[in-house]
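Colleague: Could we go through this model together? I would like to begin with the ligand.

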Amino acid sequence: MSVPEPSQNEQPSEDVRARGDEKPHDGDMSASHQTGGRHRKATEPLDKSGQRVREMFRQIAPRYDTMNHLLSLNIDKWWRRKAVDRLTIQGDAPILDMCCGTGDLAIEIANRAGGDVQVIGSDFCHAMLEIARDKEDSRVRDAAGGAGRPTIPFFEADSMQLPFTNDRFQCVTVAFGLRNIVDTDQGLREMVRVCRPGGQVMVLEFSQPTLPILKQLYGFYFRSVLPRVGQMLARNDKSAYEYLPASVGQFPCGEALADRLRQAGLEEVEYQPLTLGVATIYIGKKPAAPQSSTATQRAADPVEQPMRMVTQ
Ligand SMILES: C[S@@+](CC[C@H](N)C(=O)[O-])C[C@H]1O[C@@H](n2cnc3c(N)ncnc32)[C@H](O)[C@@H]1O
């Protein structure tokens, strides 16, 4: 299997710190996490620079799926299925799953969408995309009568600046990726920009349970159990499994995140907590009429940017 090296025209990774506008949730204020031998207070902004996040996922890519399913007791698969249930897939306009990682959501969508709809996956971590591509190859190979189905192309792309033209996709989705993008609002604006008017933008993300006892149990599992199990099973990946609770603790959820979707230009925004609020689906519609909000202002360039597809 040969995989092309990063291209010359690859965008330089942004190297900025999280703006610190994601406030820790109640109950998380006293939490601290180990970082490189010292405790990092949950109030400290996380370093979500593209370079750091990409490197972290590069390191955990080979074990990402196993760890994901194990640490979530396989519930993550059901969450993705529930998220796809919320999509209204019509006609043959394409669908984008950004921050697609190892491709599970994109593949779930393609399985439901039927042969006429092109599903595209994008992510900025080549190692995650290689796994997505291999999974997709097996899916197409194994599918009975699958011949002729369009396969999912996986592209390397930064979700801060998607290389797609405006108003292109009938649905734009992201699962457990928005939290990792250095600027949440820019990520959402990009989703809205490439979504066609009347189309859907869907976010599946971890959230904080609201029931007090469950909140405490969840906090304990996330802060104390998960990083240790992560370290035991994935050797050098301890920092990644410390990053996870810290990034969830600092990320808005419920109404706060729903508001950010509205500010990005979406209407009819709804959210649905899953598994007592451990994860939440957020969904909104891009207004049918053209609007002059910032969400559509990067309209100037109608030309698709150069893209690198992950191939064999
Ligand atoms: C937790 S994984 C989620 C993967 C997948 N969506 C899933 O449901 O398992 C987060 C993914 O977001 C990607 N990511 C984070 N920031 C990104 C950015 N700015 N642009 C593109 N991908 C990004 C990472 O490379 C990683 O693959």
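**Ligand shell and fold**

Modeller: By class, the shell around the ligand has 12 nonpolar, 5 polar and 4 charged residues. Here Ala, Val, Leu, Ile, Met, Phe, Trp, Tyr, Cys and Pro count as nonpolar, Asp, Glu, Lys and Arg as charged, and the others, Gly among them, as polar. This is a predicted model, in which local features need pLDDT of at least 70, side-chain atom pairs count only at pLDDT 80 or more, and totals for chains, interfaces and linings use all residues. Residues are numbered from 1 along each chain as its sequence is written.

Colleague: Which residues are the closest to the ligand?

Modeller: They are Cys99, Gly101, Phe124, Cys125 and Ala175, out of 21 surrounding residues (C-beta atom, placed from the backbone, within 6 Å of the ligand).

Colleague: And which helix gives the most to the shell?

Modeller: Helix 1 does, with 4 residues; helices are DSSP runs of H or I, at least four residues, and strands runs of E, at least two, numbered from the N terminus.

Colleague: Turning to helix 8, which residues are buried?

Modeller: Leu257, Ala258, Arg260 and Leu261 are buried in helix 8, residues 255–263. Buried requires 20 or more other C-beta atoms within 10 Å of the residue's own, exposed 12 or fewer, with partly exposed in between; C-beta atoms are placed from the backbone.

Colleague: Why do they line one face?

Modeller: Seen down the axis, the buried residues of helix 8 fall within an arc of 155 degrees, so they line one face; the arc is that of the directions from the helix axis to the C-beta atoms.

Colleague: What does the face turned away carry?

Modeller: That face of helix 8 carries the exposed residues Glu255 and Asp259.
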